[in-house]
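Dear colleague,

Please find below the structure that I am handing over to you. My notes on what was found in it follow directly after.

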Amino acid sequence: MIKIKFLRMKNNFTPTLPSNRIQLLDVLRGFAIFGILMVNMQIMNAPLVSMISGLKLWSGMANDLSGGFIRLFFESKFYVIFSLLFGYGFWLFMNKRLPEGRSINGVYLRRVFFLLLFGIAHVVLLWPGDILVIYAIFGFLLLLFRKTPNRKLIRWALAFMLIPIVVSGILAFFVWLAGFHPEAKIAMEAGFAEGSKQITALADKALRVYPEGSFREIVQMRLEEYRMVMHGFIFFYPNVLAMFLLGLYGARKGYLQDTVKHYLFFRKTLLWGLIIGLPLNLLNTLVFMPGQVSTQPSFFTFMTTIASGFGGLALSLAYVAGIVLLLNAGYLKTFAKWLAPVGRMALTNYLTHSILANILFMSFGFALYGKVNIWSGILITLAIFILQIAFSKFWLKYFHFGPFEWLWRSLTYLQWQPMRKHVE
């Protein structure tokens, strides 16, 4: 049996020192953390099933415009950036120098195993919209692609991106086909009505339990929501693995290690990312602007799946390319100084989002669940992120790692990592 004192074991290798980090990766992680908070804020404050049900809690022009703004510029963009960076980091991690005869695989497996435990705890104790569990599961799968040639990596990434689109198209086709057969149509509509009824009931329960229930009831509610959302696994999560593979490909090419060398690549990426990404995301936004779109499979859900998948990736890459080009031109220096500390503490800051949301929205906090509309949530997001910038800069002045990063690294390397800096 593994005991806690295993952390005192000595290893002949250590995690990457802060001085050896690629700062651009931290800047981009910090940028992604901001965008993830912007998207998550409105669903930390509402039933998670609202993402798949078309449930609309807030009306009015201000909320419609705020929701459209988030969908156009944030949704399906920042988890993409973070996932690309995960794949990028995988390559860097797997190419650490180790003593002869030592394999990095075991260290990496421990790393994703403990990430999985963080994710499970996050779901149970904080928020069912967790992404860490999926990151860990797909992190295990990444080992299968470690030696896959670059061309095959791109093909695999494209295949995973197509899974939600193909499934959406098949479902839409069968729904359309059922319309020509009265009995099949009646049975299908009854099934959709029953599913909608279950989702509405779960949403109503969430709106009651989170701001009023006991901690035990809240945990049970989280698990119910998590199970419900997992039913839609095939429509979202394959994209995460696709982004991991694209990030791995980018790391092999060295795009972020030497941005000057790849200047033309980033210029083309910015141009085509905007040309492809803006129209697709605008289409996706306009379709959903009324807030009452049917979630039943149809031609429109098929088209929005395409727009979200490829449009989200295109605009994400445009964001990254734009930041790289501006930084190389000597701009955004202050921007980089603000975001890099947030990115160095990405896990801590991500989990802090959920901790603060619990304080704001749950019954044991201010019980504001379901009461903060979309435009107010944007203001809260800005306030929280400004505080995270200040806190991250302050914390890293005295410590090498964020608190959760320190714990994760210590568990990964089977050795307590040095935490406090010697500041004179």
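**Salt bridges**

Asp-26 and Arg-29 stand three residues apart in helix 1 (residues 23-44), so about one helical turn separates them. Helices here are DSSP runs of H or I with at least four residues, numbered from the N terminus. The side chains of Asp-26 and Arg-29 meet in a salt bridge, at 3.2 Å from N to O; the term requires a side-chain nitrogen of Lys or Arg within 4 Å of a carboxyl oxygen of Asp or Glu. Asp-26 is buried, with a relative accessible area of 3%, and Arg-29 is buried as well, at 17%. For these classes, buried means under 20% relative accessible area, exposed over 50%, and partly exposed in between, with a 1.4 Å probe and protein chains only.

By this rule the count comes to three salt bridges. One of them joins Glu-224 to Lys-205, with the closest N and O atoms 2.6 Å apart. This pair links distant parts of the chain, since Glu-224 belongs to helix 9 (residues 215-230) and Lys-205 to helix 8 (residues 182-212), 19 residues apart. Glu-224 is partly exposed, with a relative accessible area of 24%, and Lys-205 is partly exposed at 29%. Arg-71 forms a salt bridge with Glu-75, where the closest N and O atoms are 3.5 Å apart.

**Basis and confidence**

The model is predicted: local features need pLDDT of at least 70 and side-chain atom pairs count only at pLDDT 80 or more, while totals for chains, interfaces and linings use all residues. Residues are numbered from 1 along each chain as its sequence is written, and side-chain values use heavy atoms, with hydrogens and water left out.

The pLDDT, which is the predictor's confidence in each residue from 0 to 100, has a mean of 90 for the protein, and 91% of the residues reach 70 or more.

**Nonpolar cores and surface patch**

A nonpolar core is a set of buried Ala, Val, Leu, Ile, Met, Phe, Trp, Tyr and Cys residues joined through side-chain atoms within 4.5 Å. The largest such core has 87 residues, and those touching the most other members include Ile-81, Tyr-108, Leu-132 and Phe-244. Helix 4 (residues 78-94) supplies the largest share of this core, twelve residues. Apart from it lies another core, of 23 residues, among them Leu-48, Leu-202, Val-209 and Met-362.

On the surface, Leu-158, Leu-162, Val-166, Ile-170, Phe-173, Phe-174, Trp-176, Leu-177 and Phe-180 form a nonpolar patch with about 870 Å² of accessible area together. Nonpolar patches join Val, Leu, Ile, Met, Phe, Trp and Tyr side chains within 5 Å, from residues with over 30% relative accessible area and no salt bridge; areas come from the Shrake-Rupley method with a 1.4 Å probe, and for residues only the protein chains shown count as cover. Leu-158 lies in helix 7 (residues 150-178) and is partly exposed, at 41% relative accessibility.

**Backbone**

Leu-332 has a positive phi of about 65° although it is not a glycine. Leu-332 sits in the loop between helix 12 (299-328) and helix 13 (333-344).

With kind regards

Notes:
Helix = DSSP H or I, 4+ residues; strand = E, 2+ residues; numbered from the N terminus. Patch = residues over 30% accessible without salt bridge, like charges linked within 9 Å, V, L, I, M, F, W, Y side chains within 5 Å.
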